[in-house]
Protein chains: 2
Amino acid sequence: MNYLLTLKYDGSRYHGWQRQDNAITVQQCVEHAVRQLFGENVSVTGCSRTDTGVHANCFKCNFRVKKEMSHKSVISGMNHFLPDDIAVISSETADDDFNARFDCRSKEYIYKIYNAPVRDPFYVNRAYFYRYPLDEKMLNAQAKDYIGTHDFTSFCAAGATSKTTVRTVYNASVEREGDIVIFRVEGDGFLYNMVRIMVGTLINISEGKIEKGTIPAIIEAKDRLKAGKTEAPEGLYLNKVNY
Amino acid sequence: MNYLLTLKYDGSRYHGWQRQDNAITVQQCVEHAVRQLFGENVSVTGCSRTDTGVHANCFKCNFRVKKEMSHKSVISGMNHFLPDDIAVISSETADDDFNARFDCRSKEYIYKIYNAPVRDPFYVNRAYFYRYPLDEKMLNAQAKDYIGTHDFTSFCAAGATSKTTVRTVYNASVEREGDIVIFRVEGDGFLYNMVRIMVGTLINISEGKIEKGTIPAIIEAKDRLKAGKTEAPEGLYLNKVNY
């Protein structure tokens, strides 16, 4: 049976999704819970790697086990064996050949900025704290330049190993909800640190360090040095995954 | 100069407000920051003791120092020396004889219950997780019986040392915002664990362990054993303090 799970997790305590030898990751916790619940040693396939400190409102993963169990039992059993900051919110039966990583058609990330003069203790590790005023309407207009099929080399961290740096961004926007400014971006895939560099570039535009209207030229340059800084991980949430 | 500060804090890591020898408390952190900023050793007076794990959206405290500083500098300086999960959100000049504890006229607490079948990782330590359905309209009707001037002995933890157990509750209500059920109560003062026992009693009513409509009789009994359990601290927030 090929189980497809939807997870929600607070990534603060984790070194991202992917299994590592000397650090605790979300994948290890999920594989441990599967072992406890099903009594089988399996490798769980995640829809993406997330970085240290990055969160997920919706993260999809799948695994194959011999034992069959009702989805209700999978949800309650997994949640029993998982730490409190990771939860299974749904369980489905996937086709035999379904792969949570390779079958993914698009993903949506959001990046939360707590934008007020004084930090909010309840957003520590949950949003990036930025104290200077952000003009969400101006930033929204700038963000539209990310939309389209482009070579995003300028927005890819050094050392990344993707085969191609061309990605399609379907939508990008900036909106405000009270003190929270949210950057939202949907695409067919994202390069290493791509969303965080997109946000850092918008903040650098807000600060006048990068000129307004130059995102197309930054993309065109295919040069990481032309784009802005890599913004902190704690504001980033994987928000939707589409198959 | 008598400074009156408004704090906001995530109480998860703290053994409440009040200074203790062998545990970290919010008061110690605030006094440490005052010492760093003003170079003076002072005792900071808080509007109330909060328990281990209890939060504050609004907590008032005051302290007297010889040195004078602009409120803007106090806010930024204190926030520099405080840990991230405690923030000073405002600073005011209080009358010389103002005392944050004794001059308090009323307080409002809220208690957050995350009420859904599966826990939410982002509410861990921030709300009490209760998986069975709660009828907020029924609970709201029950909560109205807390309103008034009563001897709240039945809602006071054993070992409390208040001079009188009579308190006036001005308002009490239960409402739902999505998956969060909020109990809100305003009064001239609260006995030890009083709000948490009020919530535990409502949950016991929801579970049929305590009969509907019996809150007046429980109050009348002046017997802690007649009321419900003391609910977990993580749902409790000091929300408003009035002088």
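Helix axes are lines fitted to C-alpha atoms over the stretch in contact, and the angle between two of them runs from 0 to 180 degrees between N-to-C directions. All views show a predicted model.

**Figure 1. Packing of helices H3 and H4 in chain A.** Helix H3 (residues 136–143) of chain A packs against helix H4 (residues 194–206) of chain A at an angle of about 130°. The two axes are 10 Å apart. Angles over 145 degrees count as roughly antiparallel and those from 65 to 115 as roughly perpendicular, so H3(A) and H4(A) are oblique to each other. The crossing of H3(A) past H4(A) is right-handed.

**Figure 2. Residues in the contact of H3(A) with H4(A).** On the H3(A) side the contact is made by Met138(A), Leu139(A), Gln142(A) and Ala143(A). Their partners in H4(A) are Leu202(A), Ile205(A) and Ser206(A). By class, the residues of this contact comprise five nonpolar, two polar and no charged.

**Figure 3. Relation between chain A and chain B.** Chain B is superposed on chain A by a rotation of 180° with 0.0 Å of shift along the axis, at an RMSD of 0.0 Å. This is therefore the relation of a two-fold axis. Within chain B, Phe122(B) has the C-alpha nearest the axis, 5.1 Å from it. Both copies use the same surface, since 100% of the contact residues of chain B recur in chain A.

**Figure 4. Surroundings of Thr25(A).** Thr25(A) belongs to the loop between strand S1 (2–9) and helix H1 (26–38) of chain A. Buried means under 20% relative accessible area; Thr25(A) has 0% and is therefore buried. Leaving aside residues up to four places away in sequence, Thr25(A) touches Tyr14(A), His15(A), Gly16(A), Trp17(A), Gln18(A), Arg19(A) and Gln20(A).

**Figure 5. Positive phi at Lys222(A).** Most residues other than glycine have a negative phi. Lys222(A) is not a glycine, yet its phi is positive, about 50°. The residue sits in the loop between helix H5 (215–221) and strand S10 (236–242) of chain A. With a relative accessibility of 42%, Lys222(A) counts as partly exposed.

**Figure 6. Positive phi at Asn193(B).** Asn193(B), also a residue other than glycine, has a positive phi near 70°. Its place is the loop between strand S9 (180–187) and helix H4 (194–206) of chain B. The relative accessibility of Asn193(B) is 14%, so this residue counts as buried, whereas Lys222(A) counts as partly exposed.

Conventions: Residues are numbered from 1 along each chain as its sequence is written. Chains are lettered from A and ligands numbered from 1 in the order in which they are written. This is a predicted model: local features need pLDDT of at least 70, side-chain atom pairs count only at pLDDT 80 or more; totals for chains, interfaces and linings use all residues. Side-chain values use heavy atoms; hydrogens and water are left out. Helices (H or I, at least four residues) and strands (E, at least two) are DSSP runs, numbered from the N terminus. Angles under 35 degrees count as roughly parallel, over 145 as roughly antiparallel, 65 to 115 as roughly perpendicular and the rest as oblique. A crossing is left-handed if the near helix is turned anticlockwise from the far one by less than a right angle, and right-handed if clockwise. Contact means heavy atoms within 4.5 Å. Ala, Val, Leu, Ile, Met, Phe, Trp, Tyr, Cys and Pro count as nonpolar, Asp, Glu, Lys and Arg as charged, and the others, Gly among them, as polar. Copies are superposed by least squares on the C-alpha atoms of residues with pLDDT of at least 70 in both. Buried means under 20% relative accessible area, exposed over 50%, partly exposed in between (1.4 Å probe, protein chains only).
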